[in-house]
Amino acid sequence: MWTFITSLYFKLCKFMKKSWEIGVNDPRKFIHCLKVGITLTVVSLFYYLNPLYGGVGGNAMWAVMTVVVVFEYTAGSTIYKGINRICGTTLAGLLAFGVHWVASKAGEKFELVIVGVFLFLLASAATFSRFIPIIKARSDYGVMIFILTFSLVSISGYRIDELFDVAKARILTIIIGTILCIIVSLIIRPVWAGLDLYVLVIGNLNKLADSFQGFVAQYFEEQTTSDEESNKKMIGYKSVLNSKATEETMANFARWEPPHGKFNFRHPWKQYLKIGATMRRCASCIEALNGCINSENKTSYDIKKIMSEPSMKVGANTASVLRELAITIKTMTKSNKLDILVIEMSNAAQELQNLLQNYATTLNKNGRELSYEEGKVEISIMKIIEVVTVVSLLDEIVVCVKDIVKCVGELSDSAKFKPAMLAKCDKSKPADNNKISPEEQNDEETIIKTLQIV
């Protein structure tokens with residue numbers, strides 16, 4: 001018994017320590033818990049206070065249920081679920097009332113048949129609509145609520161005479177609960193899905209830059225030892241590969257959010273998904289580069305020494321372009337040196353290709369001469385197969401980075417980024433709507449810190 005109690009105590013301490021670390025690393029989660037508690041307390045007053053209870057009656061419990069299922073972590077997801085719940089409930093309630101009215105006019109003999117047929121048809125059609133991509137992305141929760149509400153109202157309407165009054169009271173309480181969720185979510189330290197997506201894309205650009213430059217340096221300089229921090233930076237591309245679902249979810253919720261901070265109305269959130277897709281393609285090339293570096297077939301040191309300087313130049317220039325893109329998105333200003341960096345990156349890649357071709361031609365010529373003199377077949381170009389593969393991957397990564405530059409350029413045009421010189425002039429003016437608020441600045445720092453921990 002003593003061993004069991006001791007083990008339970010240590011597990012509890014470990015759990016509390018882990019919970020404390022989660023709250024310290026991202027205080028917004030702790031604040032979210034308080035916001036849910038406040039909303040539930042306020043909405044429960046409709047059940048506790050007689051004047052409020054007299055207005056909605058026993059249906060006040062539906063407001064409490066709405067808060068529990070609608071209140072989400074980000075403001076966008078709360079608005080998304082709230083609006084979907086109101087629309088789904090209202091539409092299902094009106095249709096169910098209409099079906100009930102038609103069935104009641106058909107007589108008691110056909111009433112059950114009509115209700116059953118409509119229930120089958122609408123439930124089947126609504127369920128099938130959840131497989132349609134655009135509906136699944138934007139209204140999946142609303143369709144589910146529609147099916148649930150229509151089924152409950154249709155079935156209960158067969159035994160309840162005052163169906164319209166019951167449906168009206170339930171819809172009213174659901175609207176009350178939803179509005180309270182949205183108000184609390186937007187007023188008390190809101191967590192914006194758009195801001196999370198914005199910070200995630202910036203962080204992924206920097207991770208790609210660190211990973212690519214690190215792998216190039218490891219391969220051509222043959223670094224055998226590195227600290228833990230360097231290793232974390234080099235494998236940062238893996239989080240880029242796994243970010244698709246998170247980006248799509250954040251972008252979907254961000255569309256529902258009102259203008260906030262530096263994000264105006266109808267901010268092009270879809271463009272962040274295009275940037276993420278090109279970054280994942282770049283990350284897959286970096287993963288292939290990592291596979292070549294860790295392969296058992298090693299090329300000669302002389303070849304790597306010849307290719308080292310131009311390859312390191314490609315790595316440094318490409319990383320500079322990616323970091324400049326991150327700065328462009330973060331400051332929401334059009335860079336005045338991005339074009340120069342892209343040209344330098346392209347020139348470095350072309351220089352590396354030319355050097356490899358010249359070296360391959362020389363080796364092939366020497367190999368043929370050696371084969372003629374000694375009378376045996378020897379193809380010297382086989383010695384540089386690995387280096388050719390690595391250089392090809394470097395060139396492919398440069399092409400991917402150019403695609404990222406193009407996508408960021410489209411984002412800057414759609415979001416109307418300011419020119420760099422104009423942005424510098426605006427620094428002397430009072431703060432405007434394009435600048436982020438102190439609370440959002442704290443949120444941005446918290447998100448960055450959380451990403452670094454992950």
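1. Contact of helix 12 with helix 13. In this predicted model, helix 12 contributes Lys 244, Glu 247, Glu 248, Ala 251 and Ala 254 to a contact with helix 13, where the partners are Trp 269, Leu 273, Gly 276 and Arg 280. By class, four of these residues are nonpolar, one is polar and four are charged.

2. Geometry of that pair. Helix 12 covers residues 244-254 and helix 13 covers residues 269-293; their axes approach within 9 Å and cross at roughly 170 degrees. Angles over 145 degrees count as roughly antiparallel, and helix 12 is therefore described as roughly antiparallel to helix 13.

3. Geometry of helices 4 and 5. The axes of helix 4 (residues 60-70) and helix 5 (residues 75-105) also come within 9 Å, with a crossing angle of roughly 140 degrees. Helix 4 is therefore oblique to helix 5.

4. Residues joining helices 4 and 5. On the helix 4 side, the contact is formed by Trp 62, Thr 66, Val 69 and Val 70, which meet Thr 78, Lys 81, Gly 82 and Arg 85 of helix 5. This contact comprises three nonpolar, three polar and two charged residues.

5. Overall architecture. The protein contains 18 helices and two strands. Among contacts with a separation of 6 or more, 83% link residues 24 or more positions apart.

6. Burial and surface. Of the 454 residues in the protein, 42% are buried.

Terms used
Residues are numbered from 1 along each chain as its sequence is written. This is a predicted model: local features need pLDDT of at least 70, side-chain atom pairs count only at pLDDT 80 or more; totals for chains, interfaces and linings use all residues. Side-chain values use heavy atoms; hydrogens and water are left out. Helices (H or I, at least four residues) and strands (E, at least two) are DSSP runs, numbered from the N terminus. Buried means under 20% relative accessible area, exposed over 50%, partly exposed in between (1.4 Å probe, protein chains only). Contact means heavy atoms within 4.5 Å. Axes are lines fitted to C-alpha atoms, for helices over the stretch in contact, and angles run from 0 to 180 degrees between N-to-C directions. Angles under 35 degrees count as roughly parallel, over 145 as roughly antiparallel, 65 to 115 as roughly perpendicular and the rest as oblique. Ala, Val, Leu, Ile, Met, Phe, Trp, Tyr, Cys and Pro count as nonpolar, Asp, Glu, Lys and Arg as charged, and the others, Gly among them, as polar.
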